[in-house]
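Colleague: I would like to learn how to read a model of two chains, going feature by feature. Could you take me through it slowly?

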Number of protein chains: 2
Amino acid sequence: MEGLREYIDTMVRAAKAASVGLRTLSARSKTAALGAMASAIDADRAAIGAANARDLERGKAEGLSAAMLDRLALTDRRIDDIVSSLAEIAALEDPIGEVIGTRRPAGFLLQRVRTPIGVLVMIYESRPNVTVDTAALCLKSGNASILRGGSEARESSTALVRCIQGGLAAAGVDRNAVQYVDRPDYEAIDMLVRQSGLVDLVVPRGGEALIRRVVEHATVPVIKHYKGVCHIYVDETADLEMAAAVAANSKLQRPGTCNALEKLLVHEAIAARFLPLVQAKMPGVELRADPRARALLPGARAATEDDWYAEYLDLVLAVKVVGSLEEAAAHIEKYGSSHTDGICSRDAGAIERFVGLVDSAVVTVNASTRLNDGGIFGLGAELGISTDKLHARGPMGVRELTTYKWILRGNGDLRT
Amino acid sequence: MEGLREYIDTMVRAAKAASVGLRTLSARSKTAALGAMASAIDADRAAIGAANARDLERGKAEGLSAAMLDRLALTDRRIDDIVSSLAEIAALEDPIGEVIGTRRPAGFLLQRVRTPIGVLVMIYESRPNVTVDTAALCLKSGNASILRGGSEARESSTALVRCIQGGLAAAGVDRNAVQYVDRPDYEAIDMLVRQSGLVDLVVPRGGEALIRRVVEHATVPVIKHYKGVCHIYVDETADLEMAAAVAANSKLQRPGTCNALEKLLVHEAIAARFLPLVQAKMPGVELRADPRARALLPGARAATEDDWYAEYLDLVLAVKVVGSLEEAAAHIEKYGSSHTDGICSRDAGAIERFVGLVDSAVVTVNASTRLNDGGIFGLGAELGISTDKLHARGPMGVRELTTYKWILRGNGDLRT
């Protein structure tokens, strides 16, 4: 434990020192560093591939599923993607130094200027490309990062971070601007999230248990998302063909993602006409229904209370008939996760009632829940989707990794 | 303990239920409720005065200082101020529902709309007027509040909250929109700050020990300010008369506040000319100086290492001679509290270097640190000054008590 504590302390102090230098690093230098990181990864494919092969071998021996092994694998094509993703992040507008507000309340000039947050701890799971994307987004926003990826990808991630640090050094940037926690212990995370005054923010991504552990231990601010239990409510005035297409796209376009549809709430007035359309659009999806919906859905299983809370991330959908928009909103309030919830309706009044009542990060109207995405929203590369209410809500891009300071420019101004 | 837990659970659930209603409460209803609160307080002066007299009597018996008793006292004039402060908050622009961003990234319309945060726990110390201001700012921003004021003001605060709840009820608003924790136990706070999912934010104000205890226990996000160790660096090119006036105003205008000047850093090139001006402008201020400054300040005491970290809140100022702007910035980085730090200079390049290097919530240029104030900044009534970097930095007004949601308005839009 003492060895681990010293390891973490040294890392955090080095990150803090690097973050002071990043504060005034020019946009041009950051772009150069991102380019150098890409070149280093491109040049070091052999070592990265070998490290990845070792991860895959250990993963097979430890019995990882085929899907997990596939996520872990760094093919040559995936390394190409990593390199081009760095170029995309380099090309984003630099967020730092932007004047986001100007006032002249009383003689002096008051500016709110965008600044880096400082030192970020990023916790995530298996895919090795996340290591590079996360490091790049943190650097682009002027933050020093401490990365802690899934242990299955440990060799791959450390090989990638070696290239990243080489790139930083080649561009004249402190290599401690990006560091990797090469220790599997959970205690390392527990220590990191208690470094108030040195670490400024923790962003945990992964299983709910990990995130709850972080929240439980943290003294540093945390931005997170626990899960995505996304709903669509189909109102009595909905265009039913459109609603069925929206629901099917929300469920099927990529069922394993946090913004995929998990629950369908249907107004009783159109349930008998609408539910057969749903069933026809979603062959292969297991439906779990409340008694009224089940009567209209041949072959559907009975939904249990647990079904309403569940994030399936699979070809399963729970369906419920409701008596009103208000009942739908109350259901979403009770069982939902405030991630992405929508309405299909042609009634402008009903739409506004729903939008006012439902307190989710993203509320969709006549649109697929799958559209909740930083790239689609035009925010650039996305770091995740926050279901928190403080600082960042919904998709997080580089701007969400910044804060601001106030600059008060006077000419001898005093307080009277 | 079980009784306390049940008390807190009931309170938090009632606040959450009230917050759902506040989400869609109109600006007009909130204004009416604030007006009714003012009327109720105005009408109930006798009971409020009697409650305050009991607090004062107990405070005297417990040996509170004259300054503390003065802060606690609710004279008729102070009740007038409370009533007019409610009118001012009622007159602020309603922040909720404001569209703070519109995009059309791909066919559909995307709006970012300002919404309440939800349920706020506000922890503060003795002055009873803070109870009313805090409740009013939370209501104006559409949030349900749970208030926990200092125990010295317990009777006064509960009498005021009785009026506030009467006003809410008279305006047809759920009286649980504002609740007061009428229990002196610290355990009540420990429980409140662990109510993730029901409480959305905790804002502790008060002594550093209390705030650290909240941060240590909280699973709910916290916005805080530990202390204000404010610096002014006087550059070699400064207008020395102006700089002396700025420093004196920063120190003397109200020494007991968090944005009062505590440390003066002076460039060696002008120290011999500048320090006598400082001493002449601040008779009655005890100066504690490093060896070089002490040689120029007759009668000054030697500053200890602790002096550089200290928030005096008193007529004491620490003074240090530095060799460069960079040395000043490094000193502020090490010893400061990231609250309010400034430069006096006539060199535009030096000013920009300082503004880039110093990572404080407010950076002042040729201006008094005392100008860091929500009212002066034009933010309306202020809830406090955040030295955190997440969500709100610097002065916090009603807008800083809001969040946003994204509304995606489509017409059958799907993800491809």
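Modeller: What follows is a conversation about the copies, their contact, a sheet and a helix pair.

Modeller: This is a predicted model, in which local features need pLDDT of at least 70 and side-chain atom pairs count only at pLDDT 80 or more, while totals for chains, interfaces and linings use all residues. Residues are numbered from 1 along each chain as its sequence is written, and chains are lettered from A and ligands numbered from 1 in the order in which they are written.

Colleague: What rotation and what shift along its axis superpose chain A on chain B?

Modeller: In general, two copies of a chain are related by a rotation about an axis and a shift along it. Here the rotation is 180° and the shift 0.0 Å, with an RMSD of 0.0 Å, where copies are superposed by least squares on the C-alpha atoms of residues with pLDDT of at least 70 in both. The two copies are therefore related as by a two-fold rotation axis. Within chain A, the C-alpha nearest this axis belongs to A:His391, at 1.9 Å from it.

Colleague: Which strand of chain B is joined to β13(A)?

Modeller: It is β16 of chain B (residues 402–413), which runs parallel to β13(A) and is joined to it by five bridges; two strands pair if DSSP finds at least two bridges between them. A:Val365 stands opposite B:Arg409 in this pairing.

Colleague: In what order do the four strands of the open sheet in chain B lie?

Modeller: The order is β5-β4-β3-β6, with parallel pairing. Strands β5 (178–180) and β6 (201–204) of chain B stand at the edges with a single partner strand each, so one side of each has no neighbour in the sheet. From one strand to the next the twist averages 20°. Between β4 (residues 144–148) and β5 of chain B there are three bridges, and B:Ser145 stands opposite B:Val178. Helix α6 of chain B (residues 129–140) packs on this sheet, touching β3, β4 and β5 of chain B, and its direction makes about 160° with that of β4(B); axes are lines fitted to C-alpha atoms, for helices over the stretch in contact, and angles run from 0 to 180 degrees between N-to-C directions.

Colleague: At what angle do α6(B) and α7(B) pack, and how far apart are their axes?

Modeller: Two packed helices are described by the angle between their axes and the distance between the axes. For α6(B) and α7(B) (residues 154–170), the angle is about 35° and the axes are 9 Å apart. The contact includes B:Val132 of α6(B) and B:Leu160 of α7(B), and its residues divide into five nonpolar, two polar and no charged.

Terms used. Helices (H or I, at least four residues) and strands (E, at least two) are DSSP runs, numbered from the N terminus. Two residues are in contact if their C-beta atoms, placed from the backbone, lie within 7 Å. Ala, Val, Leu, Ile, Met, Phe, Trp, Tyr, Cys and Pro count as nonpolar, Asp, Glu, Lys and Arg as charged, and the others, Gly among them, as polar.
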